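Dear colleague,

I am passing on the structure below, and would be grateful if you could look it over alongside the notes that follow.

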Amino acid sequence: MAVPEEHIPPRRIFAFVAMIFGMFMAILDIQIVAASLSEIQAGLGASADEISWVQTSYLIAEVIMIPLSGFLGRVMSTRILFTVSALGFAATSFLCATATNIDQMIVYRAAQGFIGGGMIPSVFAAAFSIFPPSKRSITSPLIGLIATLAPTIGPTVGGYLSDAFSWHWLFLINVIPGICVAIATFLLVDFDEPDWKLFRRFDWTGLAAMAAFLGAMEFALEEGPANDWMQDEIVALAVVVMCAGGVLFFWRALTREVPVVDLSAFGDRNFAMGSLFSFVMGTGLYGMTYLYPLYLAQIRGYDSLMIGEAVFVSGAAMFFTAPLAGILSSKLDPRVMMGIGFAGFALSSHLLTGMTVEWDFNELLLPQILRGVSLMLCMVPINNLALGTLSPDKLKSASGLFNLTRNLGGAVGLAIINTVLSHRRAFHYERLSEHVTWTNPEALSQLQSMAANNAAHGLDASTAALSQMRGIVVEQASVMSFIDVFALFTFLFLGLAAMTLMLQKPKDRAAAPAH
């Protein structure tokens with residue numbers, strides 16, 4: 001599976017670069033669309049409930065494909081799987097751009113997520129299969145940069161495309177690069193050979209169980225926060241399907257000779273710990289990528305382009321930190337790197353607990369830089385910890401599982417964030433309302449001032465003033481709920497930093513496995 005010599009043929013380097021670019025497209029697509037859902041909603045004439053399915057359908061399909069890609073990679077080979085995925089991603093992106101109603105868009109997005117999901121784990125498996133351990137200081141930061149940079153700069157790219165052109169270009173931008181990646185991988189990738197005989201023993205029941213388990217889980221996590229979780233019949237049904245599918249899936253995976261997903265990699269302690277860290281990193285990566293734009297839109301009133309420009313700082317910090325992370329990964333104990341990274345992430349979250357309604361680009365600058373630097377310092381050792389010591393026959397399935405943990409971490413994190421924001425906003429609104437009463441002289445003074453200002457502008461003074469006062473209370477309650485979430489992230493990542501002290505130092509493979 002890998003070459004033992006230090007020299008890597010240029011053909012394989014170019015092939016790996018093409019695969020990296022394909023993975024970048026697939027991950028980036030989630031966030032560039034998320035940043036411009038309002039434009040797509042207007043273009044398709046969809047309701048607020050319907051438009052959320054543009055993202056949900058993509059994520060459900062992708063989360064099913066990512067673990068399945070390990071089996072498909074063994075059957076079809078990396079070359080065929082990646083070529084088909086890249087071509088399919090380009091084709092479904094074009095279909096998304098031609099959608100004329102929300103139903104078409106949902107179907108096309110599901111197809112796009114499923115086909116594109118095959119590219120992401122293949123890159124991780126290729127990096128640890130074809131490059132010897134001595135090259136990890138180059139390949140790991142590159143993969144870590146793409147996996148974290150793509151979601152971070154997504155709002156920037158999406159905001160620019162929808163503002164300068166139209167929402168159709170959120171999808172059309174994938175077509176030509178997708179075709180180029182497909183051609184490059186078909187011509188250059190030669191890492192492995194297909195084993196079509198495995199397809200005869202394909203576990204269709206296991207696939208159905210996995211689809212029910214992961215699909216229902218993703219649906220419940222997406223829809224639960226907005227629908228009061230188990231109080232909603234459809235969400236409750238999804239949880240039941242998830243549990244039933246999960247039981248059947250794990251039973252088939254643990255008892256079949258050729259399961260649809262090989263879970264044996266979890267028997268490796270390093271992989272199990274790396275996957276746990278990846279899961280929690282997913283909550284921070286996708287959670288913060290969600291929270292910054294949400295604050296800027298709700299509290300500051302930014303449009304998608306302004307949001308993109310404001311959050312670009314984290315992406316820039318990651319980009320410039322990647323070479324440093326590569327150098328440090330070959331010189332520092334990975335536990336030290338992870339500890340520094342987790343502590344830095346905790347500090348960046350802690351700085352945000354001082355947030356007010358006046359916070360803007362300048363106040364968010366340092367926390368964003370800290371977050372970007374810390375993410376890169378975490379991702380490189382986590383990747384090496386999880387995949388660096390596995391045997392080559394386990395890498396494809398393990399890569400799918402490793403990426404799945406990050407995506408599920410993001411889904412769980414967003415569900416928790418939305419639930420906490422909703423509940424804490426209501427809590428803070430009630431507490432603040434108790435003090436904004438007719439017996440509070442400060443509240444009365446503010447109310448009279450606003451009433452006088454409204455009267456000067458010819459408005460219904462008292463009614464408008466009361467409405468403004470309520471708006472101020474709602475705004476303050478919202479900011480306080482954001483602060484609660486940032487405090488939660490602070491404690492979570494401080495806990496992770498402490499956990500690194502209990503890890504054993506991972507032992508590298510002595511040499512890369514023979515091809």
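Contact here means heavy atoms within 4.5 Å, and helices (H or I, at least four residues) are DSSP runs numbered from the N terminus. This is a predicted model, in which local features need pLDDT of at least 70 and side-chain atom pairs count only at pLDDT 80 or more, while totals for chains, interfaces and linings use all residues. Residues are numbered from 1 along each chain as its sequence is written, and side-chain values use heavy atoms, with hydrogens and water left out.

As to confidence, pLDDT (the predictor's confidence in each residue, from 0 to 100) averages 80 over the protein chain, and 89% of the residues score at least 70. Residues 1–5 have a pLDDT below 50, and this stretch has 23 contacts in the model beyond near neighbours in sequence.

Helix α1 (residues 10–34) packs with helix α4 (residues 53–98) at an angle of about 170°, their axes lying 11 Å apart; axes are lines fitted to C-alpha atoms, for helices over the stretch in contact, and angles run from 0 to 180 degrees between N-to-C directions. The two, α1 and α4, are therefore roughly antiparallel (angles over 145 degrees count as such). Among the residues that meet are Ala18, Met19 and Gly22 in α1 and Val54, Tyr58 and Phe82 in α4. The residues of this contact comprise 13 nonpolar, three polar and two charged, where Ala, Val, Leu, Ile, Met, Phe, Trp, Tyr, Cys and Pro count as nonpolar, Asp, Glu, Lys and Arg as charged, and the others, Gly among them, as polar.

Best regards

Terms used. Parallel < 35°, antiparallel > 145°, perpendicular 65-115°, else oblique.
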